[in-house]
Amino acid sequence: MSSSSPSGSGGDLSERRGIPAAKFIQDVETYLSQSSLDSNSALAFHQERLQQYKVVEMKLLAQQRDLQVYFPPPLCRLAKIPDIEKCLEVVGTLEARKGTGEALLADFEVSEGIYSRACIEDTDSVCLWLGANVMLEYSCEEATALLKNNLENAKASLEVLVADLQFLRDQVTVTQVTIARIYNYDVQQRRVKQVAPTAITAADS
Amino acid sequence: MQQGKSSSSGSEMQVTWEDQQNINTFSRLNNRFHELEDDIKFAKEKCDNLEDAGNELILSDEEMVRFQIGEVFAHMPREEVETKIEEMKEATFKSLEKLQQEKESIVSQMAELKKVLYAKFKDSINLEED
């Protein structure tokens, strides 16, 4: 599936990952006669489309938030970007200490507000929490490689998500403009029909 | 996220595909602008926090300082902590600068687009923040 470039190529894709593209209307009158819709039905159709877009937007925003916001354990999983970065930092620190032979004293949270001290000896391996009640032991290098890989994947997912959101917002904008244009066209038509003897035309709609 | 983009009734303007693309671009830039403002605020806070941490460190005279790595507080000698804080300050400052540059570029792009769109649509379009 081709990805849309930032300079609004939304008109070139008919849909993107299940999101239908909003067709740009060159001329409202032609559109209405071709689809044999009257203004109200067309307006209703486009407004429903707009609602659908908004629903998808909410979903994507929630997914994006999931990837970017930091959750402390036990809610954290290795899928989130800040979590992975923190893990990488810890493993990096342990690796840096490997040669020195001195133990690392660390205070960690046992429960809310309660901390305990741990003495981390010089070690070659770390355990990584993979989620689903699974924890695996890795050597420091393997752990770094795995975490870096996960970070790459998470960042790639985020990029795709951001592109999806941009595409979606373009479609929302196109739909909003279309609704406005159909509405204006409708108002214009009504005015034309109201060719009253008096020159007063209704100024408010 | 919505910026005012409504057309007033009674307009007879034709909207071309190019206009639509301009409006779309403006919308994207506006969204990005708001995201950047949030990011810049966050980066500034981080800078301030690191500054405070550095100052606290200078004031305190403990040899072993607890430095937060990930979720745990590791006991580290003072010089190491000082170095780390300096590094983090540098990195945060650089990213803050980059964000501000991007924000300025976006503001000028948006001003350009506003000119173009207002020229075509005049009163029929509203591109201001509500």
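A:Phe24 counts as buried, at a relative accessibility of 14%, because the cut-off for buried is under 20% relative accessible area. The model described here is a predicted one. A search over all chains of the whole structure finds two aromatic pairs, and A:Phe24 forms one of these pairs with B:Trp17.

**The pair of A:Phe24 and B:Trp17**

- The rings of A:Phe24 and B:Trp17 lie 5.1 Å apart, centre to centre, with 50° between their planes, and the pair is tilted.
- This pair crosses between chains, running from A:Phe24, in the loop between strand S2 (19–20) and helix H1 (28–34) of chain A, to B:Trp17 in helix H1 of chain B.
- While A:Phe24 counts as buried, B:Trp17 counts as partly exposed, at 27% relative accessibility.

**The pair of A:Tyr115 and B:Phe73**

- The ring centres of A:Tyr115 and B:Phe73 are 6.0 Å apart and their planes stand at 65°, so this pair is edge-to-face.
- Because A:Tyr115 lies in strand S4 (residues 114–120) of chain A and B:Phe73 in strand S2 (residues 72–77) of chain B, the pair joins two chains.
- A:Tyr115 counts as partly exposed, at 44% relative accessibility, and B:Phe73 is also partly exposed, with a relative accessible area of 24%.

**A patch of negative charge on chain B**

- On the surface, B:Glu45, B:Asp48, B:Asp52 and B:Glu56 gather in a patch of negative charge.
- One of these residues, B:Glu45, is found in helix H1 (residues 17–59) of chain B, and B:Glu45 is partly exposed, with a relative accessible area of 44%.

Terms used: Residues are numbered from 1 along each chain as its sequence is written. Chains are lettered from A and ligands numbered from 1 in the order in which they are written. This is a predicted model: local features need pLDDT of at least 70, side-chain atom pairs count only at pLDDT 80 or more; totals for chains, interfaces and linings use all residues. Side-chain values use heavy atoms; hydrogens and water are left out. Patches are made of residues with over 30% relative accessible area and no salt bridge: like charges are joined within 9 Å, nonpolar side chains (Val, Leu, Ile, Met, Phe, Trp, Tyr) within 5 Å. Accessible areas come from the Shrake-Rupley method with a 1.4 Å probe; for residues, only the protein chains shown count as cover. A salt bridge is a side-chain nitrogen of Lys or Arg within 4 Å of a carboxyl oxygen of Asp or Glu. Lys and Arg count as positive and Asp and Glu as negative; His and the chain ends are not counted. The place of a charge is taken as NZ of Lys, CZ of Arg, CG of Asp or CD of Glu. Helices (H or I, at least four residues) and strands (E, at least two) are DSSP runs, numbered from the N terminus. Buried means under 20% relative accessible area, exposed over 50%, partly exposed in between (1.4 Å probe, protein chains only). Rings of Phe, Tyr and Trp (its six-membered ring) pair if their centres lie within 6.5 Å; planes under 30 degrees apart count as stacked, over 60 as edge-to-face and the rest as tilted.
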